[in-house]
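I opened this model to look up a few residues, the ligand site and the overall fold. My entries follow in the order I made them.

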Amino acid sequence: MGVNDDLLASAKKVLDTNDKGNYTIPAHGLYPHQWLWDSCFIAIGQRHFDVERAKIEILSLLRGQWKNGMLPHIIFTPGKKAAMHEGHWQSWLSPLSPDDVSTSGITQPPMLAEAVVRIGETLPLTERRSWYGQVWPNLLAYHEWMYRERDPHGEGLALQIHPWETGMDNTPGWMELLGEHLLPWWIRLLARLHIDGIISWFRSDTRYVPAQERLSNIEALALYDTQLRLRRKAYDTDKILDHSLFAVEDLAFNCILIRANTHLRQIALSIRKDLPEDLYKRMELAEKTLEELWDPYTEQYYSRDFITHRLLKQPSVATLLPLYAGTISEERAKLLVKMLENEHIFGTAYPIPSAPRNSTWFNPICYWQGPSWVNINWLVIDGLKRYGFDEHAAALRDSTLEMISKSDCYEYFNPMTGNGLGTKNFSWTAALAIDLLAKEK
Ligand code: 9WN
């Protein structure tokens, strides 16, 4: 067996191990529930060897949809206690939550349309149309919710109310923003007195993963506190925004949304559905508003504070995701590719570091503050190809596969050495390895 066959076999084994029948958990121990963007990436891999199972992965996400159209970031496996569990979220506090499953009260990057289309690509035309028709009402309701609730001023960008919604929990920009003025006094006090060590006793994530590879105690508390505030408002966006603390327009999230909008339009065409006019307009506006996130001085895109419209100029790998959105000019795409090549920024031995090497935050082993993540690489590879940077895309695909072959299906990787970090047997690493391998043929 060749190296690639070995990798394929071990990736499939990871997906098998994490398969709960109708959905796949990201990993045993640390993540025993169903996560939104994880399942989308998982289905993108599953479609290569069992397209019916890939469909089920997506349909099982839809069982968590709220009555207002929101897709929650977690659907809980009943009775499983972990760092996150149903009692922590109490989704039943909201009348909009689904009746028969417990979920979190926030969403995650909208990868759903991408997964739906990738599954569709593997089906013959008639079956593809019926697949699109099957998920259409839920998909449309999700996008309508996004613009109705998360773009209340009709500006074209969706806002996020918790770092977990962005999927990049402790990316430097969020930690800087929370640290600036959003932390409650008691967390500041713990930090100042250096007694946050006591929090370690209450953390279950660090039982599975070395503490230095996860968020710091202060970061974990900050996220927990932000979540409690959302729960107190029963996850009602209007009430949350009344006293908003964390409210950002995340660059990565909005790039994924813009790509999802493109897919939504194509799906609508293929099954002859009309998009509601208001949604159509919002989707067009989104592409224009993305350009407001461009900073001409540093020549890159950033996330933005929802309230003040201040650009949050703390660079991260999200900087490269406008390539995936696919709506930016070729000229700007070239500038982003230059950053990807630059060895002081993103050009490490095993790219792409989640925080640039020249950032004061850069830490090659800490979660979203330096390690390379396979899902982000997958998004960037896709974007590079669409802008015609085929060689860059092939190089990134090769180094990503090499990193996984070398270390196994870990959650994230040291960008300098390629060593695996976080939890082992991580589903999206396995699924996207399968997808990248399929594209090599
Ligand atoms: C909180 C499941 C999820 C991913 C996120 C990743 C991490 C959760 C956590 O794990 O977040 O949602 O407990 O830290 O940051 O992107 O979806 O794999």
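Predicted model: local features only at pLDDT ≥ 70, side-chain atom pairs only at ≥ 80, totals over all residues.

**His143**

Is His143 buried or exposed? Its relative accessible area is 1%, which is under the 20% cut-off, so I put His143 down as buried. I placed the residue in helix H6, which runs over residues 125–150. Next I looked up what it touches. Leaving out residues up to four places away in sequence, I listed Ala113, Leu257, Ala260, Asn261, Leu264 and Leu279 as the partners of His143.

I then went to Ala191, in helix H8 (residues 185–192). Its relative accessible area is 28%; that falls between 20% and 50%, so I noted Ala191 as partly exposed. Beyond its neighbours within four places in sequence, I found Ala191 in contact with Asp196 and Ile218. I also checked Ala191 against Asn217, which is 26 residues away along the chain. The C-alpha atoms of the two are 9.1 Å apart.

Helix H8 came up again when I looked at helix H7 (residues 172–182). Which residues of H7 are buried? I wrote down Pro172, Gly173, Trp174, Met175, Leu177, Leu178 and Leu182. Their cover includes H8 and helix H9 (217–232). It also includes three strands: E3 (248–249), E6 (303–305) and E7 (311–312).

**Ligand site**

I counted 16 residues around the ligand. Which of them come nearest? They are Asp38, Gln108, Gly167, Asp169 and Tyr367. I sorted the shell by residue type and got ten nonpolar, three polar and three charged residues.

Trp37 brings a side-chain N or O atom to 3.0 Å from a ligand oxygen. His73 also has a polar side-chain atom 3.0 Å from a ligand oxygen. Gly167 uses its backbone: an N or O atom there lies 2.7 Å from an oxygen of the ligand. How much of the ligand does the protein bury? Taken alone, the ligand exposes 410 Å², and 98% of that is buried by the protein.

I found Tyr367 in the loop between H14 and H15. Its relative accessibility is 4%, so Tyr367 counts as buried.

Ile352 sits in the loop between helix H14 (330–341) and helix H15 (374–386). I noted that the peptide bond leading from Pro351 to Ile352 is cis, with omega near 5°.

Ala234 is a further non-glycine residue with positive phi, near 50°. It belongs to the loop between H9 and helix H10 (237–242). I recorded Ala234 as partly exposed, at 23% relative accessible area.

**Whole protein**

I finished with the overall fold. The protein has 17 helices and nine strands. Its radius of gyration is 20 Å, close to the 22 Å that the globule rule gives for 441 residues, so I noted the protein as being as compact as a globular protein of that length. The C-alpha trace spans about 60 × 50 × 45 Å along its principal axes.

I checked burial too: 61% of the 441 residues are buried. The exposed surface comes to about 17500 Å², with 51% of it from carbon and sulfur atoms. Among contacts with a separation of 6 or more, 69% join residues 24 or more positions apart.

Terms used
Residues numbered from 1 in each chain as written. Heavy atoms only, no water. Near = heavy atom within 4 Å. Polar contact = N/O pair within 3.5 Å; in protein donor to acceptor, adjacent residues only side chain to side chain. Areas by Shrake-Rupley, 256 points an atom, 1.4 Å probe, with all protein chains shown as cover. Nonpolar A, V, L, I, M, F, W, Y, C, P; charged D, E, K, R; others polar. Helix = DSSP H or I, 4+ residues; strand = E, 2+ residues; numbered from the N terminus. Buried < 20%, exposed > 50% of the residue type's maximum accessible area, 1.4 Å probe, protein only. Contact = heavy atoms within 4.5 Å. Rg over C-alpha atoms; globule rule 2.2 N^0.38 Å.
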